[in-house]
Amino acid sequence: MTRQRQLIYNIIQAAPEHRTAEEIYDLARAEMPSLARGTVYRNLGVLVRDRRIRKLEMADAPARYDRERRPHPHLVCERCGKVEDLVMPEGLLDPLTADLSVTGYDLKLYHLCSDCRG
Ligand SMILES: [Zn+2]
Ligand SMILES: [Zn+2]
């Protein structure tokens, strides 16, 4: 991995936040001021393609990047857009998907996060 790609990868691995490319760019530039925006976007694409991170497509909002690569459900705040992992009991979907040859899923539940509720 190049130094730039390692830095971007480390930023994503360091926290459970599901950050946008712009947020990752800001954090990366704090460490490597010469880093170009295009380099960040290109390296995020390579990391997703190599399955080191996961890209979460969002409706009407920039995509977010996830360090957890296994499929898992997300909680999305309708107001501020914050994305959190939703812990779901193992096997919960099995009765629904048993005969469907499911290869993966993308499940989002929308709510108001604790900050926005207050
Ligand atoms: Zn919120
Ligand atoms: Zn996640």
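## Overall architecture

The protein chain contains five helices and six strands. This description rests on a predicted model.

## Dimensions and packing

The C-alpha trace of the protein chain extends over about 50 × 40 × 25 Å along its principal axes. The protein chain comprises 118 residues, of which 14% are classed as buried.

Contacts in the protein chain were also considered by sequence separation.

Strand β4, formed by residues 74-77, pairs with strand β5, formed by residues 83-85. Their pairing is antiparallel and involves three bridges. Within this pairing, Val-76 has Val-83 of β5 as its bridge partner.

Five residues lie between the two strands of the β4 and β5 hairpin. In this hairpin, Gly-81 adopts a positive phi near 85°.

## Pairing of β4 with β6

Strand β4 also pairs with strand β6, which covers residues 108-111. Here the strands run parallel and are joined by four bridges. Cys-77 is positioned opposite His-111 of β6.

Strand β4 therefore has two pairing partners by the bridge criterion of at least two bridges between strands: β5 in the antiparallel sense and β6 in parallel.

How values were computed. Residues numbered from 1 in each chain as written. Chains lettered and ligands numbered in written order. Predicted model: local features only at pLDDT ≥ 70, side-chain atom pairs only at ≥ 80, totals over all residues. Buried ≥ 20, exposed ≤ 12 C-beta atoms within 10 Å, placed from the backbone.
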